[in-house]
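Welcome, and thanks for bringing your viewer along. Open the model, colour it however you like, and follow the stops below.

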Amino acid sequence: PADVDITAADGVKLKATYYPAAKPGPAVLLLHMCNATRASWAPLAPQLSAAGIHALALDYRGYGESGGDRFQNDPQKQQELVNTKWPGDVDAAFEYLLSRPGVDKTRIGVAGGSCGVNQAVQFTRRHPAQVRSLVLLAGGTSVEGMRFLSSHAWIPIFTAAAADDQFDGDAPRNMRWFAEFTGNARNKSVGFADGKHGTEIFPVHPELPREIVAWF
């Protein structure tokens, strides 16, 4: 893996980690939770790389090592940042990923945890011709996102959540619904009794990264 710099459209410097595969193949963009950084994907990304899937984990603007104002204590400004800046930043990361040697531009997957679920779905709305699969961990999306998934039921979805999720007492059932409502036979959902929220499940259940890699 290599830490890389990505420049957003407005010049803000974003930090990401690229995990190249040893040969040409598909790629996955990894979008972290709003209480985490790109490091939260460390249990999964090397396994993707080893399986022949290139992976890129991004620090959102204002998080981790990326530049930009940090508004975690100002929910209104934080939400404005999420809505107006993050989509362009994610697209910049996507362009970087596509520029890597050996990445198959027609076979892209996206994984998101918590608030990264909506980012993953909205990204797929912007790039429906290239995104071929979605992994969603303990999060939701907008009405527009749900309509998109419904009208693009051919996109397979993998979901996961834990029953002791501190932000959603019914997380496994809610995420299972994501995997069922489009009716795609390739969709899959797994639930756990423990593991807390989103990518926090990885250290508690190391079988989850393996299942995700196998599904991709």
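## First stop: a charged pair

Select arginine 107, which at 41% relative accessibility counts as partly exposed; on this scale, buried means under 20% relative accessible area, exposed over 50%, and partly exposed in between, using a 1.4 Å probe and protein chains only. Arginine 107 and aspartate 104 form a salt bridge, with their closest N and O atoms 2.8 Å apart. The term salt bridge here stands for a side-chain nitrogen of Lys or Arg within 4 Å of a carboxyl oxygen of Asp or Glu.

A word on what you are looking at: this is a predicted model, in which local features need pLDDT of at least 70 and side-chain atom pairs count only at pLDDT 80 or more, while totals for chains, interfaces and linings use all residues. Residues are numbered from 1 along each chain as its sequence is written, and side-chain values use heavy atoms, with hydrogens and water left out.

How many salt bridges does the count come to? The count comes to 12. Select arginine 38 and aspartate 3 to see one of them, where the closest N and O atoms are 3.3 Å apart. Arginine 38 sits in the loop between strand E3 (25-31) and helix H1 (45-50), and aspartate 3 sits in strand E1 (residues 2-7), so the pair ties together parts that are 35 residues apart in sequence. Helices (H or I, at least four residues) and strands (E, at least two) are DSSP runs, numbered from the N terminus.

Next, pick lysine 15 and aspartate 5, whose side chains meet in a salt bridge of 3.0 Å, N to O. Lysine 15 belongs to strand E2 (residues 13-19) and aspartate 5 to strand E1, so this pair ties together parts that are 10 residues apart in sequence. Lysine 15 is buried, with a relative accessible area of 19%, and aspartate 5 is exposed, with 54%.

## Parallel strands

Show the cartoon and select E3 with strand E5 (residues 103-113), which pair in the parallel sense over six bridges. Two strands pair if DSSP finds at least two bridges between them. Leucine 29 stands opposite valine 110 in E5.

Move on to strand E6 (residues 131-137), which pairs with E5 in the parallel sense over six bridges. Here the bridge partner of glycine 109 is serine 133 in E6. Trace the chain from E5 through helix H4 (residues 115-126) to E6, a β-α-β crossover that is right-handed: with the strands pointing away from the viewer, the path from the first strand over the helix to the second runs clockwise.

Then select strand E7 (residues 157-162) and strand E8 (residues 188-192), a parallel pair with five bridges. Alanine 160 has valine 190 in E8 as its bridge partner. From E7 the chain passes through helix H6 (residues 171-181) to E8, and this β-α-β crossover is right-handed.

## Into the cores

Which residues touch the most other members of the largest nonpolar core? Select Ile6, Leu29, Leu56, Leu134 and Leu136, out of 44 residues in that core. A nonpolar core is a set of buried Ala, Val, Leu, Ile, Met, Phe, Trp, Tyr and Cys residues joined through side-chain atoms within 4.5 Å. Helix H3 (residues 86-99) gives the most to this core, with eight residues. A second, separate core of 24 residues includes Tyr19, Leu48, Ala111 and Val213.

## Last stop: aromatic rings

Select tyrosine 60, tyrosine 63 and tryptophan 86, which form one aromatic cluster. Rings of Phe, Tyr and Trp (its six-membered ring) pair if their centres lie within 6.5 Å; planes under 30 degrees apart count as stacked, over 60 as edge-to-face and the rest as tilted. A search of the whole structure finds 10 aromatic pairs. Tyrosine 60 and tyrosine 63 are edge-to-face, 6.3 Å centre to centre with 85 degrees between the planes. The ring centres of tyrosine 63 and tryptophan 86 are 5.6 Å apart with the planes at 75 degrees, so this pair is edge-to-face. Both tyrosine 63 and tryptophan 86 are buried.
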